[in-house]
Amino acid sequence: MSKSIIRLENIKRNFRVGDETVHALRGVSFSISEGEFVSIMGTSGSGKSTMLNLLGCLDTPSDGEYYLDDVAVSTMNKNERSTLRNRKIGFVFQSYNLLAKTTALENVELPLQYNPEYTGKERRDKATKALDAVGLSDRLHHKSNQMSGGQMQRVAIARALVNDPVLILADEATGNLDTRTAYEIMVLFQELHQEGRTIIFVTHNPELAAFTSRNIVLRDGKVIKDDENKNIESAKKMLDALPKQED
Amino acid sequence: MNIGNLIKISLRALSNNKMRAFLTMLGIIIGVASVITMLAIGQGSKKSIQSQISEMGSNMIMIQPGAGMNGGVRTSSDNQQSLKMEDYISLRDKATYIAACSPSVSSGGQFIYGGNNYPASISGVTPEYLTIRKLNIDDGNVFSRQQVAAAAKVCLVGKTITKNLFPNGENPIGKVIRFNKIPFTIIGTIKEKGFNTMGMDQDNIVLAPYTTIQKRVLAITYIQGLYASALSEAVTDKATVEIETILRENHKLKANDDDDFNVRSQKELSSMLTSTTDILTILLACIAGISLLVGGIGIMNIMYVSVTERTREIGLRMAIGAKGRDILAQFMIEAIIISFTGGIIGVLFGMGASFLVKLAISWPISIQPYSVILSFVVCTVIGVFFGWYPAKKAAQMDPIEALRYE
């Protein structure tokens, strides 16, 4: 069995809303090994977003322990978690969250700027390589407002790759894209998976589950389904099957 | 994140909103420029007053007979005869802090030359008087010691006198003018000095040997006053004390007797006048300072807008590893860049405006290095002070909330 990247042990997360306590997660346990491509699904209110925030070290559990790459997260303070995110996690958001009027290269460099180990030249080289990996080597100096949605999401993925994270965390990464572009992005994720990257894809769209190697379904703060997907569909095939676009 | 990167990021953010950054800066520019200009005007007035006082002789000391008592009746100092020739001689010979000393006696009257006449007063002095009062000879010569000893009927005249007695521009040297029926030969003219700060015409002056005035005009043996100059402005106080000691000794005053003379230096006059301009300067600087404060509030306002507008950016930066202090530094530097750049432009504008004031209304100005440094310090402090709160707000954001912000 390959190395476990994520280990959740009976995670609970409660929020206080007025006088009531909302139990967003009611004891979730699972672990994710290196190289898995996991989709976490659930309807709204299932605890999906809370799970994402916890996995992304943006939040800490009320109870239970979360190990990311064998590091216990729940006892870490804000600054330690910032550094942990910077070194180990790559985020991809639904709305790209690129900096406005900033070139693709500079956007991708951003996580490295918060890591003092890199010099300016190293940052540039790594960012160029990451953009190359998402197929945007000809768009290095385009500004974010000069790119299409698909290109912007590719830049965002490059930004998530640039720090060589142990985990890529995607939140509805295809939610803002049209079908064709969404497939293109899924193709990219599948390629990254084949290269051995660990990816967690949080979505409410059940169709996307077919492209991942493991499906976790949440409902009311609990895991109700956790299956390995033996029959991964190729996003590339789906893309090719789409009617050709008229330019 | 290192400071170079932070500055780069801040410059990018500001250049994304050039107009807004400029308008924010404008508050600081106007504030700093007005502080510089107002201080330059205030200091300029002060300097010009000081230089006019030193024109009159900054280390000059005046000694007058004191208002005394005569059988229970206070008498005006003009009628006092407490200063004698011996006082002049002992000051001249004994005082160590005094560079020059001259007695003074004067009389008012009408000067007549041909068909022209002009009212003025004639002062009887020694040649040292010219050094003490910083008067210079324009043409001719100062009367000599021999002429003083001989009570010669010679005089030196100022511009106002020559203008009025010789309206056709004749050379006054060698001409004989009459003062109260006594003929005086003009042997020199005094260089023009113009009006002083108090509006007194410094060229309305006629000088003659004091002996001549004592013997031939007033028929007195006492002197009406003494003028002395201290060795330097710094020892004026010591010289004053020394003069008082010598005079008290001469006048045989007991320890608890009041002085029967007054010793006054220019310092009192100078400090009185400069304190007036100091108040003016402070007032002007306060008004200018208020506009700087308003500029600072402008920065705070814009920084708030900027932080709110860039909530998602803040969220993203935090998600990918920015710590609270990175975000704090980013916004602080932005605020400091605005205020510092505004400060530099403001200083340049202020200097320009000051010179404009000088050119346009020929007001004396003086730009003090300290006012420039002060403005810079105040600007940076304003940047830090007014940038702090919005930046703190940004740094304390919850990345989850910030990323969700619409």
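This is a predicted model: local features need pLDDT of at least 70, side-chain atom pairs count only at pLDDT 80 or more; totals for chains, interfaces and linings use all residues.
**Figure 1. Two buried cysteines, A:Cys57 and B:Cys155.** Let us start inside the chains. A:Cys57 has 0% relative accessibility, so it counts as buried. B:Cys155 also has a value of 0% and therefore counts as buried.

Figure 2. B:Thr212 counts as buried because its relative accessibility is 0%. Leaving aside neighbours within four places in sequence, B:Thr212 is in contact with B:Ala151, B:Ala152, B:Lys153, B:Phe184 and B:Val217.

**Figure 3. Where chain A meets chain B.** Here 24 residues of chain A are in contact with 25 residues of chain B. Together the two chains bury about 2,200 Å², with 52% of that on carbon and sulfur atoms. Look for A:Leu58, A:Gln113 and A:Tyr114: they supply 28% of the area that chain A buries against chain B, more than any other three residues.

**Figure 4. Polar and charged pairing between chain A and chain B.** There are 11 residue pairs in polar contact between these chains, both residues being at pLDDT 80 or more. On the side of chain A that touches chain B, the elements giving two or more residues are α2 (78-88) and α3 (104-113). The largest share, 6 residues, comes from α2(A). Sorted by class, this side has 8 nonpolar, 9 polar and 7 charged residues. The count of salt bridges between the chains is 1: B:Arg12 pairs with A:Glu106, their closest N and O atoms being 2.8 Å apart.

**Figure 5. A salt bridge between A:Asp164 and A:Lys126.** The closest N and O atoms of this pair are 2.7 Å apart. A:Asp164 lies in the loop between α5 (149-161) and β7 (167-171) of chain A, and A:Lys126 in helix α4 (residues 120-133), so the pair ties together parts that are 38 residues apart in sequence. A:Asp164 counts as partly exposed at 45% relative accessibility, and A:Lys126 as partly exposed at 22%.

**Figure 6. Salt bridges within chain B.** B:Lys159 forms a salt bridge with B:Asp138, with the closest N and O atoms 3.6 Å apart. The pair links helix α6 (residues 159-165) to strand β6 (residues 137-140), its two residues being 21 residues apart. Elsewhere, B:Arg310, B:Glu313, B:Arg317 and B:Glu334 are linked in a network of salt bridges.

Definitions and conventions:
Residues are numbered from 1 along each chain as its sequence is written. Chains are lettered from A and ligands numbered from 1 in the order in which they are written. Side-chain values use heavy atoms; hydrogens and water are left out. Contact means heavy atoms within 4.5 Å. Buried area is the accessible area (1.4 Å probe) that two parts lose on being put together, summed over both. A salt bridge is a side-chain nitrogen of Lys or Arg within 4 Å of a carboxyl oxygen of Asp or Glu. A polar contact is a pair of N or O atoms within 3.5 Å; within protein, one must be able to donate a hydrogen and the other to accept it, and residues adjacent in sequence count only if both atoms are side-chain atoms. Helices (H or I, at least four residues) and strands (E, at least two) are DSSP runs, numbered from the N terminus. Ala, Val, Leu, Ile, Met, Phe, Trp, Tyr, Cys and Pro count as nonpolar, Asp, Glu, Lys and Arg as charged, and the others, Gly among them, as polar. Buried means under 20% relative accessible area, exposed over 50%, partly exposed in between (1.4 Å probe, protein chains only).
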